[in-house]
Amino acid sequence: MAGTKIAVLGGGNGGHMAAADMKLKGHEVRLYEMPAFKHNLEEVFRTRTIEVSGTIKEKVVLDMVTDDIEAAIDGACYILIVTPAFAHEGYAKLLKGKVKKDQVITIFPGAFAALVFRNVFGEADCPVIADVNNLPYDTRISAPGEISLFGRNKVNIAFLPASAADGLIEEMRRDLFPFEKVYQDVLECGLSIVNPALHSGPCLFSISSIERPDVSFYLYEHGFTPSAAKLDIALDNERKAIGQKLGYTLTPIEDFSGLKEGYAWQELYQATHGSIALTPICGPNDINNRYLTEDAPYGLVPWSAIGKQVGVATPHHRRGGEHLQYHP
């Protein structure tokens, strides 16, 4: 319902857009960023304002922008964690002992985050946690306090415990996003994260361009080559085989792109390289970008580990994950 208290944790691209979007829905919105990264949001802390351009044009004034986690989540119905997967454990430890059982933690994208939070919180103190399989927005910060929205993505959701879905899903569709599928469980959602099987092929084949200081690299414009599309299909087929062994029918690329099952590389190429919502997005322009530090170690690597456990070979995952993991 309008006027619901929502805490958005994370001050990056997705966090900016989620905070603005929730405010535009009529909710009371608090945006939180960790003190160590507060300097990246000086303008937003000062004005509480986010200006949205692109597919919508709005100037949004948030109710609170803070680096005080207890103030951010106090009385919030939903706690939205909108960060890369490598931040999930840190947020779980930050929130432990502070979240009430009637609050709902929702994580974008999940990437097995619900299992991480349950492990940190312990079963007795763990509230309902929802994992989402993608960020609902194609968006980038364009300047301090300004965010560009290129498009919106269809997203699916899973709950821990899975039984919480029946009592929450319609309310969350109304309050937050028009979630489409409700997965059987958070393991199915973790295997359905979109980006590892979409970004890894183009990134692997484009490392030399990503690292060039004289090139402004655009992944979907420059990196999404026919060979990259073919590698992405190989990765997608391997994770589908894992899902089949576990009793899941995984269609995350189809859900994201609108393609039919059994899609060819030419169709994937057209759906991504030709997407007006994706091709204007600049980056990555260095190997510390989350397309490399998140998608391989928190996508390809756990998928491959699950494949090993259930007896499904994942040669493309192993090689792609080994090449794309960066250890500074």
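How many bridges join strand E3 to strand E10? Four bridges link E3 (residues 49-54) with E10 (residues 146-152), and the two strands run parallel. The model described here is predicted.

## The four-stranded sheet

E3 and E10 belong to an open sheet of four strands. The order of the strands is E4-E3-E10-E9, and their pairing is mixed. Strands of a sheet pair through backbone hydrogen bonds, either parallel or antiparallel.

On average, neighbouring strands are turned by 30 degrees against each other, with direction ignored. H1 packs on this sheet and touches E3, E4, E9 and E10. The direction of H1 makes about 105 degrees with that of E9.

## The largest pocket

The largest pocket holds about 970 Å³ of space. Its lining consists of 43 residues, and those nearest the centre are Gly12, Asn13, Gly14, Pro84 and Arg290. By class, the lining has 20 nonpolar, 18 polar and five charged residues.

Several elements each give at least two residues to this lining: helix H1 (13-24), helix H4 (88-95), strand E9 (137-143), helix H8 (195-204) and helix H14 (290-293).

The volume of the second largest pocket is about 190 Å³. Its lining is made up of Ala85, Phe86, His88, Glu89, Ala111, Phe112, Val116, Tyr298 and Pro302. Two or more of the lining residues come from H4, and two or more from helix H15 (296-310). Seven of the lining residues are nonpolar, one is polar and one is charged.

## Helices H4 and H5

Two packed helices are described by the angle between their axes and the distance between the axes. For H4 and helix H5 (residues 113-121), the axes come within 9 Å and cross at roughly 35 degrees. This crossing is right-handed.

On the H4 side, the contact involves His88, Glu89, Tyr91, Ala92, Lys93 and Leu95. These meet Ala113, Val116, Phe117, Val120 and Phe121 in H5. The residues of this contact comprise eight nonpolar, one polar and two charged. His88, Glu89 and Val116, which take part in the contact, are also among the residues that line the second largest pocket.

How values were computed
Residues numbered from 1 in each chain as written. Predicted model: local features only at pLDDT ≥ 70, side-chain atom pairs only at ≥ 80, totals over all residues. Heavy atoms only, no water. 1 Å grid on protein atoms, 1.4 Å probe; cavity = no way out; pocket = protein on both sides within 12 Å on 5 of 7 lines; lining within 4 Å. Points joined across faces, edges and corners; volume = space filled by probe spheres on them. Nonpolar A, V, L, I, M, F, W, Y, C, P; charged D, E, K, R; others polar. Pairing = 2+ DSSP bridges. Axes fitted to C-alpha atoms, helices over the stretch in contact; angles between N-to-C directions. Contact = heavy atoms within 4.5 Å. Left-handed = near helix turned anticlockwise from the far one by under 90°.
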